[in-house]
Structures are given as structure tokens and as C-alpha cells.
Amino acid sequence: MDKFKVLMDLVQNWQTTLGLGLIPLLTAGAERHFSTFAFKCPCSEWSFLYGTVSLLVPAAALLLLGYMLNNKTWILFTGLCLNKSKLCRFKYMCRCLGVFLQITMTAMVAPVSWIAIALLNGVYFECIITGLNFTHLKSFLCHGRSDSCQIELYKLPCDKTSLKSTDRDAILTTIRAQSQVLGWLVIASIMLVSLLLTCVARCNSPVSYLQLKFWKAYSQKESNFLDCYATKHAEKLAERNVKSFFEMEIPEPLKTPPRNAWKKISSFYKFGAMDKYYSTVHKYVETCKNPENPMGVLSTKSGNISNPAALDFVDEDTMML
């Protein structure tokens, strides 16, 4: 039992890293399945378009899915259109754009993984290049070969050409090598950019390493408790209302946070150098003098929703509604 608890604690402490590692693995499995069973190069004038769509459209779909599954997306956009006064402020919109860029960086993991793995596979790039009507490229691939090579280049992936098998294999090997080089360059570039951004974020961190570690643990625990208490309270409220309806009795009093309270804890956390709070919930419970009428709590400067990059994790574990 103790070993199981240690394992669960390890998974909980590293769940963000494990999640980011699991996404490329799932993407790799999906790409492998699609390229094996669904992708069939038409070997016609449609080859370039078909290969390009098969490479980029799934990546775009994964990007949109990343936006949809990120809690920060809904924190940012929920009620945004109703704050017309803030939407007209250039400073506020710039900060919204900054948050959206942070969301995009997280959402890019899956689509970039798809593109990199697809390039390492080579079949998409092979279909794209052979279907590309570019004279210089055809001359390069068919250099020293028969005149029919450039005319029948688009047929190479389907083995429908009159070329020798050695020539066909040599051309396809060259294309796949180019594709794999691009794939590894994409992977290396993403890892380098990720490392540099992490280093820059940590270099500008307003808190120490151990406090940052504590902050992450607190954020995760708070999110878990918020989910648990919200579910239990919703269950109690629903049970009370249904029971009161069927038994035709006046419902028993049951305190629920007012709308203003939900609105204030649903906003983005804003770091302040003099603050001692670790989240909007923490600040709310520490500063709210009248929980039933929390109008004056969390009064910050209008539009302040951006944080140091090292504290980007604070709002990620907020309960998704």
C-alpha cells in the first residue's frame, strides 16, 4: 500500500510532464494508424494537394483541440464579449493576446508532434514532392535518368512508372531522406525553443525555486479540492431541490457562493510583488469581509491579467466548467 501511495504521489508531482510526454506518443500512434490504413497517395495531379491536406489539416485539428481542452481558453473568453469597456482598451487587448500566445504554445505540442512524426515517416512528403509541378525539382530528382522520369514522377509512390526499379527506389529514397531530415530539424528546433523559453521564464521568475515548487503543489491541491467540493455541493443542491419539489415542502437553507464570488475566483490570477496569495481563491477568502456580498474583493487594476512566464501554471489547473 505504501508503494502504491509513493507511485501515486510521483504521478501527481510529474503529471504535467507526463501529460506533455503522453501527447506526442498518442499523436505518433494516431499518425501511424492513419498513414498505414487511411493514407493512399492518388499518384495524379491531386498528389500535391492530397499530401499537403493530409499533413497539415490533422495538425490544424489537433491545434484546435488543444485550444478546446485548455482551461485558460475558457477563462479568457467566457464573458469577454460583455466587457465592452475593456475590449476598447488597447492595453487590455495586448494582455489578452499575451495570454492567448501562452495557450497557443501549450496547444502546439500535438500538431508539431504530428508534423514531425509524419515527416519522419516520409509517405506524406513523398506524395507532396512527386505531385509538385516544379521544373527545377523534377530536374534534380531525375538527373541522369530517362526522359520519361519527369513526366511520370507523380506515379512513383504507386509504382506505376516505366522506370527501372533501381531508379525508382533511388528517387524515393532521396525524397524520404529529405523528409526525415526536415522531421529531425523540426524536433530539434522545438526542443531548443522550448528550452530557451523555459530558461528565460525561470531567469525572470519573481520567486525562488523551492517556493515555485510549493506553489505548483498548492495549485494542484486547490484545483482538486475545488472540483471535489463543487461536485459535492452541486449534488446536495440538486438533491434538496428535487426533494423539495416532489415532497412539496419549503427547501432547507443551503448556502451557495453568489454570482459575484464565482466571477471573482474565475478571473485570471495577477501576480503582485507585495502579494502573499497563491491564487484568486486564496486572495478571495483572505480579503473578503462579507462573503454574501463580495463586491469589493480582488480590486486590481483594470486589464492586469498577464503574469511572469514562470507562474504560467497557476490558472491551468482551474476547474473547467
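Mentor: We shall take disulfides, a salt bridge and a helix in turn. This is a predicted model, in which local features need pLDDT of at least 70 and side-chain atom pairs count only at pLDDT 80 or more, while totals for chains, interfaces and linings use all residues. Residues are numbered from 1 along each chain as its sequence is written, and side-chain values use heavy atoms, with hydrogens and water left out.

Trainee: How many disulfides does the count come to?

Mentor: A disulfide is a covalent bond between the sulfur atoms of two cysteines. The rule used here asks for a pair of cysteine sulfur atoms within 2.5 Å, and by this rule there are three disulfides. Counting bonded cysteines along the chain, their pattern is 1-3, 2-6, 4-5.

Trainee: Which parts of the chain does the disulfide of C43 and C158 tie together?

Mentor: The sulfur atoms of C43 and C158 are 1.8 Å apart. C43 lies in the loop between α2 and α3, and C158 in the loop between α10 (148–151) and α11, so the bond ties together parts that are 115 residues apart in sequence. Helices here are DSSP runs of H or I with at least four residues, numbered from the N terminus.

Trainee: Is the disulfide of C41 and C127 right-handed or left-handed?

Mentor: The torsion about its S-S bond is about 80°, so the disulfide of C41 and C127 is right-handed. That of C142 and C149 has a torsion of about -70° and is therefore left-handed.

Trainee: Which side chains meet in a salt bridge?

Mentor: Side chains of opposite charge can pair when their charged atoms come close. The criterion is a side-chain nitrogen of Lys or Arg within 4 Å of a carboxyl oxygen of Asp or Glu. The structure holds one salt bridge, in which R176 meets E126 at 2.7 Å, N to O. R176 belongs to helix α11 (residues 165–203) and E126 to helix α8 (residues 123–130), 50 residues apart.

Trainee: Is E126 buried or exposed?

Mentor: Buried means under 20% relative accessible area, exposed over 50%, and partly exposed in between (1.4 Å probe, protein chains only). E126 is buried at 5%, whereas R176 is partly exposed at 35%.

Trainee: What span should helix α7 have?

Mentor: The expected span is 1.5 Å times one less than the number of residues. For the 13 residues of α7 (residues 109–121) this gives 18 Å, which agrees with its end C-alpha atoms, 18 Å apart. Its buried residues include W114 and L119. Just after α7, G122 takes a positive phi of about 95°.

Key. Helices (H or I, at least four residues) and strands (E, at least two) are DSSP runs, numbered from the N terminus.
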